[in-house]
Structures are given as structure tokens and as C-alpha cells.
Amino acid sequence: MFGNEFYHETIRRYVIVFGTMFNDMVVHRRNNAGTIIKRIKVPIAYGPRAKFLSRIQQDPNLTKPDAISLPRMSFQIAGYNYDGTRKLTTIGQIKAPVANDLVNGSVYNPVPYNIDFELSIYVLNAEDGTMLLEQILPFFTPDFTVSVNFIPSLSQKYDLPIKLESVSTSIDYEGDMSTTRLIMWDLTFTLKGYIWPPVKSNTAQGLIGTYSTSAAAYGFAKSN
């Protein structure tokens, strides 16, 4: 039953979509007159919070050549939970366009899963952290919707809500309480996604793959 070889890259798409939402974050520096003199693009990478925190703490002054520069961000998938409230009819099917012989097939309704994401922000001063938060929070009311083409061969786009669940902060002190070593902001999100079963082809090929190298296949963001 579980021997069908198929891979829709669904979870990979979720990771790409989530990371892309935050890959253009910027902090700036001002002079005494209030004029912006420098803009810093904040890098983001996939990985556990503990990994980045460990590298930062190993070099508190960030003097090593391979040290992590701050500010920066990281994110990771924290868990998967089945969402029965969004369950669709099990025997329902979605059919591909008949006009294109390469995608002539069908797929049963997907299974709803909530995917928990954790986004961590690492800064050396409080203003950098609040500056980044103000670029994120206004867009989640409390969710932000992304339109994604999960399986390009079926030409079916779905609105994918990403809900902001919580925001918390912590400060790591070096020595006494007057010396700030690192400020961290942790944001948790719930992505209301789907996991798709194999696509069945109406041709003799049996199961057809759905791999696509097109960047457009990973969807685009839009506001609520």
C-alpha cells in the first residue's frame, strides 16, 4: 500500500515559501541628524535555533573570521499536526486538464496538516529587533495568505494561510546585568497546509511525477 514511488516536493515548497517571506528584511543605521547612512540586509537560513545560538556564544565579540554576523535570522519546522477541521471528502478527486497529454490524470483530495514553524531573530541591540518586528507584525492579522501551486501538473493553486501564534524575547547577558551579550526574538507560526497523495495518470505510465524546476511553481505571496 505504501510502496508507491512519488514525491510532490510539498514540504520543500512550504520551507521555500516560508523562508522567502522573510528574505528581504533590512535594518538601517542613522547619524545624529537622523539621516539613514547604512542599510543592512538581514540574512536568513534554515536550521535549529540552538545551532546558531551555539556559534554566536562561542565567539561573543564576533571577532573570528567565520563568526556569524548580527543581525541575522533562522527558521525551522517544529512539528506536524493533523487538522481534522479542514478534512475534505476522502474519495473526492481533482482532475488535470485533458488538453495536455503530459498531465492527463487525477489525484485524490489532499490530507490537511498544520505545520509549525519557528522564526528566530538575533540582534545585538534592541532597536534592530524592534525594527525587524515592525516589518513583520503588521502583515499578520493574525494570518498572512500565500497562493501556492502545489502540483504544477494539475494547475491547481491554493490559498495557504500562515498564522502568527506568538512572539517572545529573551536577553543573554555577559557578566553583570548591565552588559548585553545577545537579544533574541522568537516567533512561532502555524502553516495550514496539505499533504498530497500520488497523482494517477490515465496513460500507461501509471503514476506520473510532478517535479518542476520552474521558480513560479513555488507560488507567490499576496496580502489578505
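Which side chain meets Asp83 in a salt bridge (a side-chain nitrogen of Lys or Arg within 4 Å of a carboxyl oxygen of Asp or Glu)? Select Arg86: its side chain and that of Asp83 meet at 2.8 Å, N to O. Both Asp83 and Arg86 are buried, where buried means under 20% relative accessible area, exposed over 50% and partly exposed in between, with a 1.4 Å probe and protein chains only.

This is a predicted model, in which local features need pLDDT of at least 70, side-chain atom pairs count only at pLDDT 80 or more, and totals for chains, interfaces and linings use all residues. Residues are numbered from 1 along each chain as its sequence is written, and side-chain values use heavy atoms, leaving out hydrogens and water.

Next, select Arg29 and Asp128, whose side chains form a salt bridge of 2.8 Å, N to O. Arg29 is in strand E1 and Asp128 in helix H3, 99 residues apart; helices (H or I, at least four residues) and strands (E, at least two) are DSSP runs numbered from the N terminus. Arg29 is partly exposed at 28% relative accessibility, while Asp128 is buried at 3%.

Now move to the largest nonpolar core, which has 40 residues. Such a core is a set of buried Ala, Val, Leu, Ile, Met, Phe, Trp, Tyr and Cys residues joined through side-chain atoms within 4.5 Å. Phe22, Phe117, Leu119, Leu187 and Phe189 touch the most other members. Strand E10 (180-195) is one of the contributing elements, and E10 gives the largest share, six residues.

Finish at Leu187: beyond four places in sequence, its contacts (heavy atoms within 4.5 Å) include Phe117, Leu133 and Leu164.
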